[in-house]
There are 2 protein chains.
Amino acid sequence: MTVTVPDITSHLAAHGIRPSAQRIAIMRYLMENRVHPTADMIYNDLIADNPTLSRTTVYNTLWLFADNHAVSALTIDRTNTHFDYSEKPHAHFLCRCCGKIFDVPAIISPIVQSSAEHAKLHVEHMDIHYTGLCNDCHSIRQN
Amino acid sequence: MTVTVPDITSHLAAHGIRPSAQRIAIMRYLMENRVHPTADMIYNDLIADNPTLSRTTVYNTLWLFADNHAVSALTIDRTNTHFDYSEKPHAHFLCRCCGKIFDVPAIISPIVQSSAEHAKLHVEHMDIHYTGLCNDCHSIRQN
DNA sequence: TTCTAAATTTGTACTCAATACAAATAAGTA
DNA sequence: TACTTATTTGTATTGAGTACAAATTTAGAA
């Protein structure tokens, strides 16, 4: 899947983020690789074509994106933050065996949200996380 | 809130965990302090009365509890794992300002779960995480 | 175009939650 | 008792993520 530079810069602009070579490269990576990568995965894949790229820039940029809601940061995995570019809201499934993260189409129930609002909590964001075994790992283990 | 030793040992036994002085102390802490503590908080509070307690024991014990579903491990906060003893399933709210975690009574919608099962994902556990501002932080910031 | 200030990136040093691991201790069993 | 297993401890280490100041790039004015 290929994304054009105008696609990227307009998405950045829509979230008030000015473009730069690094930001475009990182956002392109997120748009083209829907595998919920970590900062380190992104750094390691981009360093080949961007030899002066710094790890700090990758971290800074990802949090700039996340703070401006241009991507979302997933805390489903205890040891690494994963980043997710996606148009529609959805839930995530983490396989406890292989560690892969899968998207799950989600119809968010308003029941839970209203109970949070009832407790005077001002909800800005909601995440639904599943854990278990993906189909491949389940087949291997036969359990 | 005070919990008796038989309360603790029977809860451990119900999850196949043999009692020890350290395990009882840590489980007691979780039962009596429903503040979603981190391993470090537990260690720092228990070390006063248990001067030979080791950090490693706290980590090992908490994961022993979590692996046997005697408590649950929360990944809502990116930097620390929080632990939660609770009888009923519920969602969690993390305040992005003060960092406190609040319980939210949850009626889990079966709609989302079925979409995960449809994707042949074998769900074992589900978490609902909210982020936003708690009432106190919201009042201070007036936004 | 050139100058200047602001924004962005870079690299190094560092923090700190969490883990690995082997020695020490405690508990169960014959 | 002696022997075996389970548990705990302390030290050393890992590794994701951050702090920070220097270097570089960009934007806008003159």
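At what angle do α3(A) and α4(A) pack, and how far apart are their axes? In this predicted model, the two helices meet at an angle of about 130 degrees, and 10 Å separates their axes. On the side of α3(A), the contact involves A:A39, A:I42 and A:Y43, while α4(A) contributes A:R55, A:V58, A:Y59 and A:L62. By class, the residues of this contact comprise 6 nonpolar and 1 charged, with no polar residue.

Both of these helices also take part in the surface near DNA strand D. At least two residues of that surface are supplied by each of α3 (39–46) and α4 (55–67) of chain A and by each of α2 (21–32) and α4 (55–67) of chain B. The largest share, 4 residues, is that of α4(B). In total, 19 residues surround DNA strand D, and the closest are A:T81, B:S20, B:Q22, B:T56 and B:T57. The composition of the surface is 13 polar, 3 nonpolar and 3 charged residues.

At the level of domains, chain A is assigned domain 1 (5–84) and domain 2 (90–141). The centres of the two domains, taken over C-alpha atoms, lie 22 Å apart. Contact between them involves 5 residues of domain 1 of chain A and 4 residues of domain 2 of chain A. On the side of domain 1 of chain A that touches domain 2 of chain A, 2 residues are nonpolar, 2 are polar and 1 is charged.

Technical notes: Residues are numbered from 1 along each chain as its sequence is written. Chains are lettered from A and ligands numbered from 1 in the order in which they are written. This is a predicted model: local features need pLDDT of at least 70, side-chain atom pairs count only at pLDDT 80 or more; totals for chains, interfaces and linings use all residues. A residue is near a molecule or strand if its C-beta atom, placed from the backbone, lies within 6 Å of it. Ala, Val, Leu, Ile, Met, Phe, Trp, Tyr, Cys and Pro count as nonpolar, Asp, Glu, Lys and Arg as charged, and the others, Gly among them, as polar. Domain bounds come from an automatic or database domain assignment. Two residues are in contact if their C-beta atoms, placed from the backbone, lie within 7 Å. Axes are lines fitted to C-alpha atoms, for helices over the stretch in contact, and angles run from 0 to 180 degrees between N-to-C directions.
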